[in-house]
Amino acid sequence: MATFVDAVRPVSAQEPQSPYVQRLRQLAQLQTLNAELLSRDSATAVLQALCDRHDPEAPRVRARRIETPDSPQAAAAARRELGAAANEPIRLRRVELMCGDVVLSKADNWYLPGRLTTEMNTALNTTEAPFGVVVAPLRFQRRTLSSRLLFNPLPAGWEARGELAFDAPATPPPHVLQHRALLQTPDGRPFSLLVETYTDAVLVP
């Protein structure tokens with residue numbers, strides 16, 4: 001079955017690469033993606049741009065729902081970070097953000113439905129529209145709480161040894177990058193806490 005990597009792999013990338021070049025390429029892609037996420041308000045827009053850059057006919061990114069119960073501890077922690085009152089409803093929307101059939105990221109989203117419109121809540125409950133697309137009319141801003149690389153293809157001290165430091169390509173783990181972020185209205189009022197975990201499908205050989 002074709003994958004996102006198969007679909008976007010450029011012809012030049014099909015030629016053999018040295019382990020050194022392959023690892024440098026992976027790190028550059030991770031750093032570029034991380035920088036784009038840090039500089040943009042919508043992670044969905046970043047992923048859509050990733051799809052579009054490699055395939056002009058790429059489908060729209062969709063959010064496939066994963067039905068899962070929320071834990072009281074996680075919900076309480078999210079409530080604190082959102083500054084929500086004890087009696088204010090909070091919901092968890094867990095999704096996989098997909099380009100076609102390929103999962104690019106997994107996101108846990110605790111949000112406050114009372115701070116959204118009725119139309120937004122209906123769309124979140126009944127469609128595969130990404131959260132950022134649904135709440136775009138709020139003109140939200142993203143405040144990153146943490147950014148963590150889960151994969152480092154270049155070990156410490158690699159600069160001193162250069163190409164001699166590597167005798168094999170790096171195999172990325174299933175998850176390569178994680179972000180925690182708050183979405184807030186322009187007046188600084190938060191309404192969503194996100195934990196986004198990006199898969200190895202964001203790396204193009």
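## Strands E4 and E5

Strands E4 and E5 (residues 175-184) run antiparallel and are joined by eight bridges. Strands here are DSSP runs marked E with at least two residues, helices are runs marked H or I with at least four, and both are numbered from the N terminus. Two strands count as paired if DSSP finds at least two bridges between them. Across from His179 in E5 you'll find Ser147.

A quick word on where this comes from: the model is predicted, so local features need pLDDT of at least 70 and side-chain atom pairs count only at pLDDT 80 or more, while totals for chains, interfaces and linings use all residues. Residues are numbered from 1 along each chain as its sequence is written, and side-chain values use heavy atoms, leaving out hydrogens and water.

## The whole sheet

Now zoom out. E4 and E5 belong to an open sheet of six strands, in the order E1-E2-E3-E6-E5-E4, with antiparallel pairing. E1 and E4 (141-149) are the edge strands, since each pairs on one side only. On average, neighbouring strands are turned by 25° against each other, ignoring direction.

Helix H4 (residues 72-82) lies across E3, E4, E5 and E6 (190-199), and runs at about 120° to E6. Contact here means heavy atoms within 4.5 Å. Axes are lines fitted to C-alpha atoms, for helices over the stretch in contact, and angles between N-to-C directions go from 0 to 180 degrees.

## Strand E2 and its neighbours

What pairs with E2 over four bridges? That's strand E1 (residues 62-65), in the antiparallel sense. Arg62 has Met98 in E2 as its bridge partner.

E2 also pairs with strand E3 (residues 102-111), again antiparallel, over nine bridges. E2 and E3 make a hairpin with two residues between them, and Gly100 in the turn has a positive phi of about 65°. E2 is mostly covered, with seven of its nine residues buried. Buried means under 20% relative accessible area, exposed means over 50%, and partly exposed is in between (1.4 Å probe, protein chains only).

## The disulfide

Which cysteine is joined to Cys51 by a disulfide? It's Cys99, with an S to S distance of 2.5 Å. Cys51 lies in helix H3 (residues 43-54) and Cys99 in strand E2 (residues 91-99), so the pair ties together parts that are 48 residues apart in sequence.

The rule for a disulfide is a pair of cysteine sulfur atoms within 2.5 Å, and by that rule the count is one. Cys51 counts as buried at 1% relative accessibility, and Cys99 counts as buried at 7%.
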